[in-house]
Amino acid sequence: MSTVLVVDDEPLVRDVVTRYLERDGHRVVTAGDGEAARRLIERESPSLVLLDVMLPGTVDGLDLCRWIRASSQLPVILLTARVEEADRIVGLELGADDYVTKPFSPRELATRVKTVLRRAHSGRPPRERVSVGPLELSASTREARRSGRPLALTAKEFDLLWFLASNPGQVFSRDQLMARVWGYSAALDTGTVTVHVRRLREKLEDDPSDPRLLETVWGVGYRLRA
């Protein structure tokens with residue numbers, strides 16, 4: 001049984017999400033602020049954290065996400081009422097596995113939890129290393145290098161790059177990437193693919209505005225140049 005920590009200062013949100021997650025067979029613990037959540041993470045060792053960005057007190061959701069990523073790959077799904085792309089980018093840069101805006105469908109959220117947990121427990125990729133052009137990726141260490149220089153990638157940026165590098169030259173649409181890397185249908189895409197491609201280019205390319213590695217095939221999708 002997976003333990004999910006739900007962190008939100010709204011009791012109604014905590015109650016509704018808890019009912020749906022328990023219906024799916026999860027054990028649920030809840031917290032209303034960042035300090036309480038941090039204590040629960042240390043005591044309960046949850047399998048996943050549903051984390052509201054806007055929390056009362058001195059530790060907000062982004063602070064807590066940063067604290068989690070400093071020591072573990074514990075899956076984190078951010079919940080927020082903010083809809084601006086810049087806010088979404090900040091959360092993804094900190095290493096969040098997914099980003100859901102309020103108001104949300106509890107059923108959709110439960111589906112995302114199931115998908116993230118399945119992906120987290122699926123083990124490492126079957127191949128140990130992948131090399132494409134100047135890029136080298138290691139499955140065991142989850143490290144990526146460009147011309148020998150280490151790249152500071154988030155967990156999901158690595159997953160996306162690994163998938164593209166495992167299929168060099170092949171073009172994938174946003175819908176296909178959403179399904180193959182995130183495990184969701186295209187209907188659940190909130191711009192996540194676009195954000196991750198943009199962030200990857202900033203780390204991979206000499207000139208992100210003129211990408212030579214992670215290319216856009218207009219009207220089709222993206223590919224990693226072989």
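A: Helices, of at least four residues, and strands, of at least two, are here DSSP runs numbered from the N terminus. On that basis the protein, which is a predicted model, comes to 8 helices and 11 strands.

The largest nonpolar core has 28 residues, where such a core is a set of buried nonpolar residues joined through side-chain atoms within 4.5 Å. The residues with the most contacts inside this core are Leu-137, Leu-160, Leu-161, Leu-164, Leu-177 and Leu-224. Two or more residues each are given to the core by the strands β6 (129-132), β7 (135-138) and β11 (221-224), and likewise by the helices α6 (155-165), α7 (174-182) and α8 (192-204). The most comes from α6, which gives 7 residues. A second, separate core has 23 residues, and among them are Val-29, Ile-41, Val-76 and Tyr-99. As a general background, nonpolar side chains tend to be buried together in soluble globular proteins.

For the chain as a whole, buried residues make up 50% of the 226 residues, and of the contacts between residues at least 6 apart in sequence, 57% join residues at least 24 apart. The radius of gyration is 18 Å, which agrees with the value near 17 Å that a compact globule of 226 residues would have, and the C-alpha atoms fill a box of roughly 50 × 35 × 30 Å along the principal axes. The accessible surface comes to about 10800 Å², and carbon and sulfur atoms account for 48% of that surface. The protein has 34 positive and 33 negative side chains, with the centres of the two sets 5 Å apart.

In the loop between α2 (34-44) and β3 (48-52) lies Ser-45, which has a positive phi of about 50° although it is not a glycine; Ser-45 is exposed, because its relative accessible area of 55% is over the 50% cut-off. Arg-142, in the loop between β7 and β8 (143-146), also has a positive phi, of about 55°, without being a glycine, but Arg-142 is partly exposed, with a relative accessible area of 35%. Finally, the peptide bond from Lys-102 to Pro-103 is cis, with omega near -5°, and Pro-103 lies in the loop between β5 (98-101) and α5 (106-120).

Terms used:
Residues are numbered from 1 along each chain as its sequence is written. This is a predicted model: local features need pLDDT of at least 70, side-chain atom pairs count only at pLDDT 80 or more; totals for chains, interfaces and linings use all residues. Side-chain values use heavy atoms; hydrogens and water are left out. Buried means under 20% relative accessible area, exposed over 50%, partly exposed in between (1.4 Å probe, protein chains only). The radius of gyration is taken over C-alpha atoms; the globule rule is 2.2 Å times the number of residues to the power 0.38. Contact means heavy atoms within 4.5 Å. Accessible areas come from the Shrake-Rupley method with a 1.4 Å probe; for residues, only the protein chains shown count as cover. Lys and Arg count as positive and Asp and Glu as negative; His and the chain ends are not counted. The place of a charge is taken as NZ of Lys, CZ of Arg, CG of Asp or CD of Glu.
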